[in-house]
Amino acid sequence: MRFKTVSARLAVAAAVAGSALVGVTPAQAAATSTIVCEETKQVEEASYDVNSGCWLQYGDRVQISAYGSIWSGVWLTGQNGPQGWTNMAGDSKFPMTNARAFSLLAKTNGNYRYAGTGTTFTYYGSGSTLYLRINDDAPGNGSGAFTAEVTVTRG
């Protein structure tokens, strides 16, 4: 009987030790992520797609934060930040009709997404350059720029 108790205790201790060696906590997993791209880019009102300098691979985590102001070029309007106007673009002349007019966008694999003052997303494509653009129907008729800070982590 004593042999079974000692054996059982050793088996439990080995199992706990083994799981501690194999198991990875979420904090440890986050610590193994590597920054693969860190760029700051100016996105001028007159610009079309601005290359962020970051190449994305499947599973990369992308973080964008932005600030600055532009004047859209629409008469009798003021300046706006990367969040854009409060209304959706709603016109096919804009790169992304279902995003706020004159806001900051991010583009991967030919598709735009709203970035505004900041966004974080995981990239699930097969590989793409990350582009930045203002959701503007007539780039070049206004003024100003947004500054976008891009960080891409992998792993």
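Trainee: Is Phe-102 buried or exposed?

Mentor: Phe-102 counts as buried, because its relative accessibility is 2% and buried means under 20% relative accessible area, exposed over 50% and partly exposed in between, with a 1.4 Å probe and protein chains only. This is a predicted model, where local features need pLDDT of at least 70 and side-chain atom pairs count only at pLDDT 80 or more, while totals for chains, interfaces and linings use all residues. Residues are numbered from 1 along each chain as its sequence is written, and side-chain values use heavy atoms, leaving out hydrogens and water.

Trainee: How many aromatic pairs are there in the whole structure?

Mentor: The search finds four aromatic pairs, where rings of Phe, Tyr and Trp (its six-membered ring) pair if their centres lie within 6.5 Å, with planes under 30 degrees apart counting as stacked, over 60 as edge-to-face and the rest as tilted. In one of them, the rings of Trp-85 and Phe-102 have centres 4.7 Å apart and planes at 55 degrees, so that pair is tilted.

Trainee: And what about Phe-94 and Phe-102?

Mentor: Their ring centres are 5.5 Å apart and the planes stand at 75 degrees, so this pair is edge-to-face. Ring pairs link Trp-85, Phe-94 and Phe-102 into a cluster, in which Phe-94 is buried at 10% relative accessible area, whereas Trp-85 is partly exposed at 23%.

Trainee: Switching topic, which ring does the charged end of Arg-113 sit over?

Mentor: It sits over the ring of Phe-121, 3.7 Å from the centre, and the criterion is NZ of Lys or CZ of Arg within 6 Å of the ring centre and within 35 degrees of the ring normal.
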